[in-house]
Amino acid sequence: MNCITDSEKNVVAYLHNMMIIDFQQERVIGLVLGNCVFGLHKEPVGKLFNNVFRHLNGEIIALLEEEKVNSHPTKLKEKAFIMEAWFILNNVQNHTCIWIEEKKKWHKKGLLFFLQQNK
């Protein structure tokens, strides 16, 4: 499992088998398909490349940290996570991600906001 951190280096989520798992709620809130990042909405909310989650405008919304051994006891909920991931996957209708120009600036809102946003 890899930690996903915000601009203040706080762990906000984990990436496990391309599922984004909320740190506090311990549930799947997003998926990474290719390099596109999806949440509750049917279209991508951003991209993941070079271990950086970016909003569609290119601003940073989270960082992917190195793998942590025994970083969180979520392995026990694997079956529930897969069911939650299928719900998100079934909602995806537009898998085409636009070209994103990398910016060094952090977005005012973080990854969790965009994943849980329901347009």
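Strands β2 and β3 form a hairpin with two residues between them, and Asn 17 in the turn has a positive phi of about 50°. Strands here are DSSP runs of E of at least two residues and helices are runs of H or I of at least four, both numbered from the N terminus, while two strands are taken to pair if DSSP finds at least two bridges between them. The structure is a predicted model, in which local features need pLDDT of at least 70 and side-chain atom pairs count only at pLDDT 80 or more, whereas totals for chains, interfaces and linings use all residues. Residues are numbered from 1 along each chain as its sequence is written, and side-chain values use heavy atoms, with hydrogens and water left out.

Strands β2 (residues 11-16) and β3 run antiparallel and are joined by four bridges, with Ile 20 in β3 as the bridge partner of Leu 15.

Gly 30 is located in strand β4 (residues 28-33), where Ile 20 stands opposite Gly 30. Gly 30 counts as buried because its relative accessibility is 0%. When residues up to four places away in sequence are not counted, Gly 30 touches Met 18, Met 19, Ile 20, Phe 38, Gly 39, Ile 88 and Leu 115, a contact being heavy atoms within 4.5 Å. Gly 30 and Gln 116, 86 residues apart in sequence, are 8.2 Å apart in space, C-alpha to C-alpha.

Ile 20 is also among the residues, with Ile 4, Val 37, Phe 53 and Leu 111, that touch the most other members of the largest nonpolar core, which has 17 residues. Such a core is a set of buried Ala, Val, Leu, Ile, Met, Phe, Trp, Tyr and Cys residues joined through side-chain atoms within 4.5 Å. At least two residues of this core are supplied by each of β2, β4, β8 (60-67) and α2 (111-116). Another core, of seven residues, lies apart from it and includes Ile 21, Leu 31, Phe 81 and Ile 88.

The chain has two helices and eight strands. Of its 119 residues, 45% count as buried.

Note on methods: Buried means under 20% relative accessible area, exposed over 50%, partly exposed in between (1.4 Å probe, protein chains only).
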